[in-house]
Amino acid sequence: MPKLTFLGHSAFLVEGEKGRIIIDPFLTGNPLAKSKPEDIRVDYVLITHGHGDHIGDGVQIAKANNATIVAPFELANYCANQGANVHPMHIGGAHEFPFGRVKLTIAHHGSAAPDGTYTGNPCGFLVTMDGKTLYHPGDTGLFYDMKLIGEMNKIDVAVLPIGDNFTMGIEDAVKAAELLQAKKVIPMHYKTFDIIDVEPQKFVDAAKAKGLNAEILPIGETLEF
Ligand code: NI
Ligand code: MN
């Protein structure tokens, strides 16, 4: 069973039998992060969009590990220009990597790198490792195609942004959980900054009231799924 470790904000480490990946590795500059980029050992770095709280330490981690960055085409090119190994993909596309399968989904958001470079459309990731599927939607508003994503994929865990302002808030994230029909939903993208200081327990309570299996994964904790 793959192991999912929450590193804070939207950053997750996923370890399977065939490899280790990190998604949206924003560690430096995250006041709540407990891990340092130099402690991360991974084979691939998945990045949903160019915003600083998602690309984060991605290029540094990729270079230090001789790992490959998987990202939408324009963002992958930006990372390649910084000297990283990249595997560009785009929305709707899937690819089998040594560690598992990745498929890119839509995300309703923006994407520019911290230096202002436009990095195309943002994405979400469906990651299948050891027969289990994780959905990481990146930063996004609620969209009804989450129902389609749920119909076409047996999602074991979905991590959902709940912080409002830049992404879904709690009410919309609960609706997302309903549409996705994931076996378990975990909140992310909250409390890192004052503007997204919402209580994850309110999300969990609201999701449970709808009969959904939601839980908080504290920063630094690991869940097998
Ligand atoms: Ni963003
Ligand atoms: Mn963000």
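Student: How many bridges join strand S11 (residues 157-161) to S12?

Tutor: There are 5, and the two strands run parallel. Strands pair if DSSP finds at least two bridges between them. Strands (E, at least two residues) and helices (H or I, at least four) are DSSP runs, numbered from the N terminus. This is a predicted model: local features need pLDDT of at least 70, side-chain atom pairs count only at pLDDT 80 or more, and totals for chains, interfaces and linings use all residues. Residues are numbered from 1 along each chain as its sequence is written, chains are lettered from A and ligands numbered from 1 in the order in which they are written, and side-chain values use heavy atoms, leaving out hydrogens and water.

Student: OK. What stands opposite Val185 in S12?

Tutor: Ala158 does.

Student: And is S12 mostly covered or open?

Tutor: Mostly covered: 5 of its 5 residues, 184-188, are buried. Buried means under 20% relative accessible area, exposed over 50%, partly exposed in between (1.4 Å probe, protein chains only).

Student: Which way do its side chains point?

Tutor: Lys184, Ile186 and Met188 point one way, Val185 and Pro187 the other. In a regular strand the side chains alternate between the two faces of the sheet.

Student: New topic. Which residues hold the manganese ion (ligand 2)?

Tutor: Its protein donors are Asp53 (OD), His54 (NE2), Asp139 (OD) and His189 (NE2), at 2.1 to 2.3 Å. Donors are N, O and S atoms within 2.8 Å of the metal (3.2 Å for Na, K and Ca); water is not among the atoms, so sites may look incomplete.

Student: Are Asp53 and His54 buried or exposed?

Tutor: Both are buried.

Student: What does Asp139 bridge?

Tutor: The manganese ion and the nickel ion (ligand 1), which lie 3.3 Å apart.

Student: How many disulfides are there?

Tutor: 0. Cys79 is in none, and the nearest cysteine sulfur, that of Cys123, is 12 Å away. A disulfide needs two cysteine sulfur atoms within 2.5 Å, so these two are too far apart for a bond.

Student: And how many salt bridges?

Tutor: The count is 8. Each has a side-chain nitrogen of Lys or Arg within 4 Å of a carboxyl oxygen of Asp or Glu. In one, Lys183 meets Asp156 at 3.3 Å, N to O. That pair links distant parts of the chain, 27 residues apart: Lys183 is in the loop between H5 and S12, Asp156 in the loop between H4 and S11.

Student: Which residues share that network?

Tutor: Salt bridges with shared partners join Lys154, Asp156 and Lys183.
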